[in-house]
Amino acid sequence: MSTTTAPPAAPSAARLPTASGLAFAGILRSEWIKLRTVRSTSWSYAIVVVISLGMAAIMSLALDLPGGADLPAALQTSFVVQASTFGVFFGQLVVAVLGVLVVSGEYSTGMIRSTLTAVPRRLPALWAKAAVLFTATVLVGSVANVGSFLVAAPILAGKGIHASLFDGAVIIPLLAGALYLALVAVFALGVGAILRSSAGGIAATLGMLLLLPIVLSMIPATWATDLMPYLISNAGAGMMASGGPAPAILEPWQALLVVLGWLVASLAGAALLLKRRDA
């Protein structure tokens, strides 16, 4: 007696792997899980908040402004904004390191092979990393800067200097500072993807943020002076300009375009090399 074996049912279309791997929403979810489950992420963001609050308190206490109540309202606002965003210049170093580690850590552990196997087109993985890192950093930066205002404002109010959080000249620079932190983090992500090394990526990124402005300032040439506003860290300061006593060379929107130019160059280089190199 013979038995007839039914042929196996064809897998449904929903179970078939696609040529492009995961859907982009799935890639975003995967990158979010990676970011939030790495211990360095929570530590880095906590340090950004603590530095911002601490620097705001220190700068507010250190400001010696006799007769502050007699200063023009615009100047009072400028002092409050400067105190509230002072921590951004230290926080950018922390998020830069985090941005490099987000991608270089995968190369050092070999996890990048699994990532690129799941996302064979490769570039969606890079865009997802950038989107998740940007969103998380801009949220943390906003909390840090608004918190810094809440620390600085009462201290400066005791010296006769007042400003409202809901004044456009205050809230816009605070949010611009958060945006700058997020852009620096993504810029560092691109550098990390280009160099594929934690040490090399951190050194290169911090060199561009810290060392390059110092080197150019030491060159006694007009071209070096002209280049200074277009460095990423100097342009970041321009994004937070609030119309203080020393007007910025670039308007805030122009400074934003400069920072975006650095970010686009970084991500373009990362995308090109990610497509061409082996994992």
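**Questions on a predicted helical model**

Q: In this predicted model, which helix holds Ser266?
A: The model is a prediction. Ser266 falls within residues 252-276. That stretch is helix H11.

Q: Is Ser266 buried or exposed?
A: The relative accessible area of Ser266 is 4%. A residue counts as buried under 20% and as exposed over 50%. Ser266 is therefore buried.

Q: Which backbone oxygen does the side chain of Ser266 reach?
A: Ser266 touches Phe187, Gly190, Val191 and Ile194, leaving out residues up to four places away in sequence. The side chain of Ser266 comes to 2.8 Å from a backbone oxygen. That oxygen belongs to Phe187.

Q: Is Leu123 buried, partly exposed or exposed?
A: Leu123 is found in helix H6, which covers residues 123-157. Its relative accessibility is 22%. Buried means under 20% and exposed means over 50%, with partly exposed in between. Leu123 therefore counts as partly exposed.

Q: How many Å apart in space are Leu123 and Leu272, C-alpha to C-alpha?
A: Leu123 is in contact with Ala271, Leu274 and Lys275, its neighbours within four places in sequence being set aside. Leu123 and Leu272 are 149 residues apart in sequence. In space, their C-alpha atoms are 9.1 Å apart.

Q: Which helix gives the largest share of the lining of the largest cavity?
A: The count is one cavity of 30 Å³ or more, and the largest cavity has a volume of about 60 Å³. Helix H4 (88-109), helix H5 (111-118) and H6 each supply at least two residues of the lining. The largest share is three residues, and they come from H6.

Q: How many charged residues are in the lining of the largest cavity?
A: The lining consists of Val103, Tyr107, Ile112, Leu116, Ala125, Leu126, Lys129, Ala193 and Leu274. Eight of the lining residues are nonpolar and none is polar. The number of charged residues is one.

Q: Why is helix H10 said to be largely enclosed by the rest of the structure?
A: Helix H10 spans residues 232-239, eight residues in all. Its buried residues are Ile232, Ser233, Ala235, Gly236, Gly238 and Met239. The cover over these buried residues includes H4, helix H7 (168-195), helix H8 (198-217) and H11. H10 is largely enclosed because the buried residues number six of the eight.

Q: Which helix supplies the largest share of the lining of the second largest pocket?
A: The second largest pocket holds about 290 Å³ of space. Its lining has 16 residues, and Lys34, Val38, Leu101, Val102 and Glu106 lie nearest its centre. Helix H1 (24-37), helix H2 (39-62), H4 and H6 each supply at least two lining residues. The largest share, six residues, comes from H4.

Q: How many helices does the protein have?
A: The secondary structure includes zero strands. From the N terminus on, the elements run α-α-α-α-α-α-α-α-α-α-α. The helices come to eleven.

Q: What percentage of the residues in the protein is buried?
A: The protein exposes about 14100 Å², of which carbon and sulfur atoms supply 71%. The protein has 279 residues. Buried residues make up 42%.

How values were computed
Residues numbered from 1 in each chain as written. Predicted model: local features only at pLDDT ≥ 70, side-chain atom pairs only at ≥ 80, totals over all residues. Heavy atoms only, no water. Helix = DSSP H or I, 4+ residues; strand = E, 2+ residues; numbered from the N terminus. Buried < 20%, exposed > 50% of the residue type's maximum accessible area, 1.4 Å probe, protein only. Polar contact = N/O pair within 3.5 Å; in protein donor to acceptor, adjacent residues only side chain to side chain. Contact = heavy atoms within 4.5 Å. 1 Å grid on protein atoms, 1.4 Å probe; cavity = no way out; pocket = protein on both sides within 12 Å on 5 of 7 lines; lining within 4 Å. Points joined across faces, edges and corners; volume = space filled by probe spheres on them. Nonpolar A, V, L, I, M, F, W, Y, C, P; charged D, E, K, R; others polar. Areas by Shrake-Rupley, 256 points an atom, 1.4 Å probe, with all protein chains shown as cover.
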